[in-house]
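The entries follow the order in which I looked things up.

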Amino acid sequence: MFDAHHHLFAEMTSKSLDSDPLNLGRMREDDFDSKSGAETMENPFWGEDQPVVSVDPNDPSRSKRKRYHRHTQRQIQELESFFKENPHPDDKQRKVFSRELGLEPLQVKFWFQNKRTQMKAQQERYENSLLKADNEKLRNENLRYREALATASCPSCGGPAALGEMSFNEQHLHIENARLKEEIERISAIASKYLGKPLAHILGNLNQPHMTPRPHDLGHGTFTGQAGYRGEVYTGGFDHIGPVRMPTEVDKPLIVELAVAAMEELIRMANGGEPLWVLGENSPEILNVEEYFRTFPKGIGPRPLGFKTEASRESAVVVMDHINLIKMLMDVKQWSNVFCGIVSRATTVKVLSTGVVGNYNGALQVMSAEFQVPSPLVPSRKNYFVRYCKQHCDGTWAVVDVSLDNLRGTPGIRSRRRPSGCLIQELPSGYSKVIWVEHVEVDNSSIHGIYRQLVDCGLGFGAKRWVAALDRHCERITSSIAGNMPTGDLLITSNDGRKSMMKLAERMVQSFSSGVGDSTARAWTMLSPTEAGTDNVRIMARKSVDDPGRPAGIVLSAVTSFWLPISRKSVFNFLRDEHSRNQWDILSNGGQVQEMAFFANGRNPGNSVSLLRVNNTNSSQSNMLILQESGTDSVGSYVIYAPVDLSAMNIVLSGGNPDYVALLPSGFAILPDGPEIRGGCIQDIGSGGSLLTVAFQILVDTVPSAKISPGSVTTVNTLIKCTVERIRASLSRDNP
């Protein structure tokens with residue numbers, strides 16, 4: 001039986017100034033003003049002299065006093081200019097500045113520290129004056145309320161009105177008004193402490209999208225501070241991206257603020273046109289990054305050094321009503337299952353709000369997720385973000401994600417999500433129109449060369465792939481409940497049998513998808529290239545004990561990816577056709593493969609679930625069948641299969657529970673090698689070539705406690721290499 005399942009910033013501590021290895025603190029004889037008897041020390045922050053301090057020239061400690069040199073006007077201008085762009089330079093940037101400006105790295109470091117401190121002090125004084133003015137305004141308003149209550153008259157009799165005679169709505173409004181004011185004051189205090197500005201001031205800036213950042217803003221992003229956060233660590237999240245800190249009550253208003261701003265940005269990104277989105281000469285619409293930052297000067301901060309912007313937008317009409325779409329997006333399990341080819345792992349860290357009773361309007365939850373392309377040659381992307389769902393006044397729903405990596409303060413982040421998500425518009429007859437926006441900043445330096453064009457053009461992680469996966473899922477659901485879908489079954493005698501078979505195939509696809517990429521969301525042990533005997537094939541091992549749905553024992557998984565000079569459509573048709581299976585399937589021993597049953601699960605003829613049997617008199621596995629699902633959409637294709645026991649399959653075909661049928665999925669993921677542009681749009685096929693990922697899983701020992709033998713590893717390695725060579729040879733012969 002065989003299948004396919006997968007798998008610093010540490011700033012150096014500055015030396016003590018007492019050791020003074022650079023002689024920065026050493027005084028020279030001319031550093032002392034003999035006429036005034038005073039030592040003049042330069043302020044490292046402004047480059048100006050401090051007030052004169054009297055000293056005793058006979059004081060023996062005088063030689064230990066430190067002196068800072070006056071900065072030149074050019075040095076100050078350069079430092080001030082960079083401070084406006086990045087008030088927190090890293091060690092590498094400080095060293096570059098020290099060389100360019102003729103300063104020591106410590107001088108540059110102290111200048112930025114002092115500058116930030118002074119700007120924060122100025123900001124606090126400014127905000128304090130605003131708070132005093134707001135306080136005075138509230139006090140005057142309170143007096144007016146008291147006077148109004150004292151002179152209030154009953155609308156019925158004209159007599160004086162007591163508080164109890166006020167209408168219920170009036171009392172409720174007064175109480176709610178007082179509560180909201182208290183909440184604003186509380187949140188303003190928190191924001192002032194952690195951000196250096198009250199929430200009301202921040203929201204005021206967010207409501208002015210064309211407003212440019214002022215010099216006294218401490219940073220471009222809403223969450224510029226990281227060191228001030230304290231909270232419990234939630235270790236139940238992704239251990240592969242480090243412990244995920246559980247948001248605290250202190251964090252909640254900051255997360256809410258960012259989510260609200262992200263929702264507004266998503267709507268404008270989804271509905272906007274030029275100059276925000278422009279058409280390239282030979283490419284689909286692309287984001288005008290300069291216009292984006294002019295339109296949205298606030299947010300999660302400037303793009304990190306070395307990161308690349310990936311932004312895309314796609315729309316489609318899908319066969320699913322808006323209620324089920326929202327439920328699917330807000331339920332982390334459903335979301336990760338529907339998008340199993342993209343989301344390799346996801347978890348809800350904390351639910352901050354469940355929304356309005358009966359729906360998800362206002363729902364807010366903090367999540368962690370890992371995103372992948374079906375190939376070990378493309379690094380997965382890990383994100384920590386907040387998801388916010390809201391129904392708008394026009395009836396449209398929106399679900400938006402935005403990264404909280406700055407809030408978490410985790411170093412070494414390789415990708416982050418700017419406001420991304422979808423708008424959902426209800427249509428008649430259970431349809432919905434979806435506009436999807438994907439906007440990320442990522443370090444793509446580790447991507448293998450053959451996948452770089454696919455990722456750069458947005459087909460790897462972009463909106464088109466998300467929409468294609470959603471549309472494909474909606475087709476599967478529709479076909480599972482439709483009674484008129486094409487079938488060729490001789491064994492499926494009931495609708496329950498078809499549903500059970502589809503459920504088993506769905507689990508097979510999800511299991512395959514979770515192991516074929518570079519995701520760390522797998523219960524596998526990676527074998528080193530030396531152990532595996534190859535650098536081109538990734539081999540992993542897993543020991544399974546009492547795991548429902550998987551056979552007990554030791555399983556080896558082998559995955560490899562390569563390029564073919566043949567179109568994706570041709571590769572897909574060749575691999576899914578049972579008549580050509582004996583050309584590449586070594587384990588079929590050259591026997592003919594017969595399709596025993598099938599049913600369509602989509603509009604495309606290639607979207608189907610099949611039950612196959614190998615007719616080989618030399619085969620000892622006469623009681624084995626092969627369950628296969630093939631699927632294709634506008635971005636990618638797949639052919640996934642798994643050997644299944646005949647007796648277990650009979651139970652499934654009669655409508656029995658498929659959850660305990662043991663599966664070891666194997667198969668292929670097929671992607672275009674890049675986009676083909678016609679009419680300003682990405683077409684369904686690549687530029688002539690395709691990227692093929694092959695994955696096998698094989699049970700090499702039925703005893704889980706046994707050791708992995710080198711011979712088993714060699715066998716699996718040989719199997720996948722021979723399969724690749726057979727595919728190359730057959731396709732080259734059929735497509736000269």
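The entries below begin with the basis of the model and then turn to its residues.

**Basis.** I worked from a predicted model, in which local features need pLDDT of at least 70, side-chain atom pairs count only at pLDDT 80 or more, and totals for chains, interfaces and linings use all residues. Residues are numbered from 1 along each chain as its sequence is written, and side-chain values use heavy atoms, with hydrogens and water left out.

**Aromatic pairs.** I took rings of Phe, Tyr and Trp (its six-membered ring) as paired if their centres lie within 6.5 Å, with planes under 30 degrees apart counted as stacked, over 60 as edge-to-face and the rest as tilted. I found both Tyr-292 and Phe-296 buried (under 20% relative accessible area; exposed is over 50% and partly exposed in between, with a 1.4 Å probe and protein chains only).

I next examined Trp-584 and Tyr-641, a tilted pair with 5.9 Å centre to centre and 50° between the planes. I noted that this pair links distant parts of the chain, 57 residues apart: Trp-584 is in the loop between helix H15 (568-576) and strand E19 (592-600), and Tyr-641 is in strand E22 (residues 637-645). Helices (H or I, at least four residues) and strands (E, at least two) are DSSP runs, numbered from the N terminus. The relative accessible area is 1% for Trp-584 and 0% for Tyr-641.

I also recorded one aromatic cluster, formed by Trp-335, Phe-339, Phe-371, Trp-436 and Trp-466.

**Charges over rings.** I required NZ of Lys or CZ of Arg within 6 Å of the ring centre and within 35 degrees of the ring normal. Arg-581 has its charged end over the ring of Tyr-641, 4.2 Å from the centre. Arg-417 lies over the face of Phe-385, at 5.9 Å from the ring centre.

**Arg-417.** I located Arg-417 in strand E13 (residues 415-417) and found this residue buried, at a relative accessible area of 4%. Its side chain makes a polar contact with the side chain of Glu-438 (3.0 Å).

**Helix H17.** I compared the span of helix H17 (residues 710-734) with expectation: its 25 residues, at 1.5 Å a residue, should span 36 Å, and the end C-alpha atoms are 36 Å apart, which agrees. The expected span is 1.5 Å times one less than the number of residues. Among the buried residues of H17 I listed Val-713, Val-716, Leu-719 and Ile-720.

How values were computed. Polar contact = N/O pair within 3.5 Å; in protein donor to acceptor, adjacent residues only side chain to side chain.
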